[in-house]
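Here is a structure to read through by question and answer.

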Amino acid sequence: MVRQSTGTRYSASIPGENVSTLLAHGAIPDPYYGANELSLQWIGREAWSFRTQFVADDAVLHRRHRFLVFDSVDTVATYRLNGREVGSSENMFHPVRIQVDADLSRERNHLEVILASPEREAERRAQELPYPVPHSVYPVQSPHRNLIRKVQCHAGWDWGPALMVAGIYGRIFLCGTDLELIDSVRFFARPQEEQLWEARIAVDLSSFDTGSTQVTAHLAGVATSVRTELEPGRTTVELVLHIENPSLWWPAGYGAQPLYELVVETGNDRWASQVGFRRMEVIAQPDEHGRSMFFRVNGRDIYAKGANWIPADALPGRISPQRVTGLLEDAVRANMNMIRVWGGGQYESDHFYLTCDRLGIMVWQDFMFSCSLYPATVGFLQSVREEVAAQVGRLQHHASLALWCGNNENVGALTWFEESMRNRDRYLVDYDRLNEGVIGQTVRSMDPERTWWPSSPAAGPGDFSDNWHDDSQGDMHYWSVWHEGKPFEAYAEVTPRFCSEFGFQSYPSEQSVALFAPPEEMNVTSPVMDHHQRHPNGNQLIASTMGRYFRFPSGFAQFLYLSEVQQAMAITTAVEEWRSRRGINMGVLYWQLNDVWPVASWSSIEYSGRWKLLHYAAKRFYAALHLVLLPDGGNGMEAWLINDGEKERSGELLLREIGFDGTVISETRTHFNAPAEKAALLTHLAISNGGRESGQVPDSIARSFVAAETRSGETALFAAKLARVPKQCDLQPATIGLEPVEDAGVPAVRLTTDRPAFYVRLEVPDPGVRFADNGFHLLPDRPRTITVVVPAGRNKTWFENNLTLTHLRDSYQ
Ligand code: BMA
């Protein structure tokens, strides 16, 4: 790699980028530590080049046409082969295929990819625009990121650093052909009659001559071929296969994920991947509440449960298949069945989508446009047309791909800027040219059977309202609790048909904070902590929410812990309310699953990979069968059983009011029936004076809480809930016993307590440790045994010596 302005050279590995390379050479400090990011902004203002030498394979040299192919080049690039310029590109979201017939030498070849400064390139384009096209601005921000086709959050976000990397990702390879190459293979499967499916396979070919080729498809033991005539240019060939009785692909929790290998061969090329048989529909139909919004798979109405995905790292060079697999497996471990690939990030790797296919994670796929207005110039639209065709061609065959969505919050963005407020018509026309005119039109022509959803949030196609506050139709981004500072109780005031975003921030663990802050900065409002908080008033919102609900924590460690507790509490409140309205609401995706660096954010898994308490809470609140206690609006509590399963459940419910000293104040036992695929109100419990004691100062001190238990066959469920906000509860100090045990050969800890303890957190200093449950409530008469998965290299003794425990009463004096 060469820094163009100085000629300084560094050995580099590809896939990778300049920032990771400089760091590996010790040429820059860690961009994630302290405020180092600020001193590294020069990197994005420089041009860089990557050089290599190679000898071409005979197999390629013998072909009539030869190509150099790059999966993704970030961003504005010129290509030189053996000293001659052979091509250029300006969009990292489509592959670059450069014809190098005469330029490829039989001897050693010298290849150079020169990457212009992304920041200067964006600035140059801004100068050329006939009128400004604004974008959202965060505390550290590279300007005009919306004018170049690069991962939008590389320029800085409200959870991410501004690191305008330049690099090359995915594969670089040479290929040769005498006539044609396969650009993409699209797969359309539908049941024809009982047990018989028709699989239509569209093979998109590029031909470089006139001639003919044989196209063959193999699937599930069946094959078919067709001979086709080719002219130079693009041709699509269709093949039809009939597959008897294929096993159906289901979302996680609803059934298995059988996948079939699909192989397409032509005279000169071969393509292979995996496909699944399923019918995926989005049901957006008028009903008594407005218009529905839910996914129906193989005829079953699916309740979508999941989170929003952002890139796995701010530095693309650090994103490995292992990390992606780990995050997706963690999503499924928390009972998720859907991930939204958010529009400010990137179209993910093939590995990502294959993993989603394998795990049963439905993918809500945004196109990569976010929180901004975008130009509608001829060149920009043409570049996006190529991008969309490439991405639809690459991803369309995946069973997991559930829906195409035009962008993130770009309709809302029309109201964020002075320019677009003053001249909405101009910007709305531009929006529509890009959104419907290019993206929607390309999607519909290449993938007519999959739902095209114009934006997130959106009321639906052809509707240009921003849908932020409309819970009658479409998908909703419900941000009133975080951005508008409303109390958690406000979640109950809306019933989104499908909530594709809502979130609440927390800090990561002390261990993660140590990745960026020196000991003397371990104070929530220290400069470094402020630097790792990108939401302009995020720290104030976290602290003021603590004041609203909790007794203020006694120290820094307690503050971090409590920030996780309140985040888990916020999202649990929302999900439990909305799942109890199953039918009207049919999906929840919280913001956000993961982090791109160590930071205060809305994520449930921190950058290190450690699960925050929210992720453990998600495992509980997304369970297919979930027992919920909800305030009844008065002094009592309702017990609900949410049943996503196909079977009705019946059994016994025990509902108790318990004092904070552990004394049972009252209890009721009832029989319940909870129908399949419904949320059922089981019973109601009046609490003695709402858990309060009158005549006390303050009069609102609560002395009790509610616990519910159900037993239905082998399945036992438990829920406990404070009847008042935690700061008003007279929580008692508890002595918790921790005993390392084994549970069926698996390491575990047994916990006992002399008093009820809330939000009990187990912690060890290794982000790879997974507890079967964490952040739970512990009662004296309900000891718990929690199994633990300890990463390789850590033994039982290490675990026992490093395990610590805290709970809510311990967070304050
Ligand atoms: C949303 C997202 C992101 C953002 C988040 C938190 O609306 O789409 O743009 O990071 O809010 O503010």
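This is a predicted model: local features need pLDDT of at least 70, side-chain atom pairs count only at pLDDT 80 or more; totals for chains, interfaces and linings use all residues.

Q: How far apart are the end C-alpha atoms of helix α9?
A: Helix α9 covers residues 424-446, which is 23 residues. At 1.5 Å a residue, the helix should span 33 Å. The distance between its end C-alpha atoms agrees with this, at 31 Å.

Q: At which residue does α9 bend?
A: The bend in α9 is about 35°. The bend is at G440.

Q: Are the rings of F352 and Y353 stacked or edge-to-face?
A: A search of the whole structure finds 47 aromatic pairs. One of them joins F352 and Y353, with ring centres 5.0 Å apart. Planes over 60 degrees apart count as edge-to-face. The planes here are at 70°, so the pair is edge-to-face.

Q: Is F352 buried or exposed?
A: A residue counts as buried under 20% relative accessible area. The relative accessibility of F352 is 0%, so F352 is buried.

Q: What kind of pair do the rings of F771 and F799 form?
A: The centres of these rings are 6.2 Å apart, which is within the 6.5 Å limit for a pair. Their planes are at 50°, so the pair is tilted.

Q: How many residues apart are F771 and F799?
A: F771 belongs to strand β42 (residues 770-771), while F799 belongs to helix α15 (residues 796-802). Both residues are buried. Their pair links distant parts of the chain, 28 residues apart.

Q: Which residue lies over the face of F776?
A: A charge sits over a ring if CZ of Arg is within 6 Å of the ring centre and within 35 degrees of the ring normal. At F776, the distance from the ring centre is 4.7 Å. The residue over the face of F776 is R784.

Q: Which side chain has a polar atom 2.5 Å from an oxygen atom of the ligand?
A: The residues surrounding the ligand include W157, D158, W479 and W602. For the side chain of W157, an N or O atom is 3.0 Å from a ligand oxygen. For the side chain of W479, which also belongs to a cluster of linked ring pairs, that distance is 3.4 Å. The side chain with the polar atom at 2.5 Å is that of D158.

Definitions and conventions:
Residues are numbered from 1 along each chain as its sequence is written. Side-chain values use heavy atoms; hydrogens and water are left out. Helices (H or I, at least four residues) and strands (E, at least two) are DSSP runs, numbered from the N terminus. The expected span of a helix is 1.5 Å times one less than its number of residues. The bend at a residue is the angle between axes fitted to the seven residues ending there and the seven starting there. Rings of Phe, Tyr and Trp (its six-membered ring) pair if their centres lie within 6.5 Å; planes under 30 degrees apart count as stacked, over 60 as edge-to-face and the rest as tilted. Buried means under 20% relative accessible area, exposed over 50%, partly exposed in between (1.4 Å probe, protein chains only). A residue is near a molecule or strand if one of its heavy atoms lies within 4 Å of it. A polar contact is a pair of N or O atoms within 3.5 Å; within protein, one must be able to donate a hydrogen and the other to accept it, and residues adjacent in sequence count only if both atoms are side-chain atoms.
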